[in-house]
Amino acid sequence: MKYKTIDYRIVEPAIARITLDRSDMHNAQDTHMLYELNDAFDVAAADDSVKVIILAANGKNFSSGHDLSETEFLENWNQYKTVGTWCGMS
């Protein structure tokens, strides 16, 4: 699967790496990135071959936190679905 703000790949057998990729914004987490992160973690959790998930980041900063300059979410919050990871995957 191709993402815009993160990179997801299987780097070795049983190891998935999720990499934050907004280094120009110091990997600040906007709504789009948070949805992509949730999806990538769900993909890894549903894959029985994945035993380890590494969360990494490109650039000199791991993450500066949430992107407070984002206004799209505040203006359209009711159009976003509620997300979460459910346990119980085999």
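Does Arg 22 count as buried or exposed, and at what relative accessibility? In this predicted model, Arg 22 has a relative accessibility of 12% and therefore counts as buried, the cut-off being under 20%. The residue is found in the loop between β2 and α1. Beyond its neighbours up to four places away in sequence, Arg 22 touches Thr 5, Asn 27, Ala 28, Gln 29, Asp 30, Met 33 and Asp 67.

Side chains of opposite charge can pair when their charged atoms come close. Across the whole structure, 3 salt bridges are found. Arg 22 forms one of them with Asp 67, with the closest N and O atoms 3.3 Å apart. Because Arg 22 lies in the loop between β2 and α1 and Asp 67 in the loop between β3 (52-57) and α2 (72-76), this pair ties together parts that are 45 residues apart in sequence. Asp 67 is likewise buried, at a relative accessible area of 13%. A salt bridge also joins the side chains of Arg 22 and Asp 30 (3.7 Å, N to O), and Asp 30 is buried as well.

The largest nonpolar core comprises 11 residues, among them Ile 6, Ile 18, Leu 20, Met 33 and Leu 37. Two or more residues each come from β1 (6-12), β2 (15-20) and α1 (31-46), with α1 giving the most, 4 residues. Leaving aside neighbours within four places in sequence, Leu 37 is in contact with Ile 6, Ile 18, Leu 20 and Leu 55.

Definitions and conventions:
Residues are numbered from 1 along each chain as its sequence is written. This is a predicted model: local features need pLDDT of at least 70, side-chain atom pairs count only at pLDDT 80 or more; totals for chains, interfaces and linings use all residues. Side-chain values use heavy atoms; hydrogens and water are left out. A nonpolar core is a set of buried Ala, Val, Leu, Ile, Met, Phe, Trp, Tyr and Cys residues joined through side-chain atoms within 4.5 Å. Buried means under 20% relative accessible area, exposed over 50%, partly exposed in between (1.4 Å probe, protein chains only). Contact means heavy atoms within 4.5 Å. A salt bridge is a side-chain nitrogen of Lys or Arg within 4 Å of a carboxyl oxygen of Asp or Glu.
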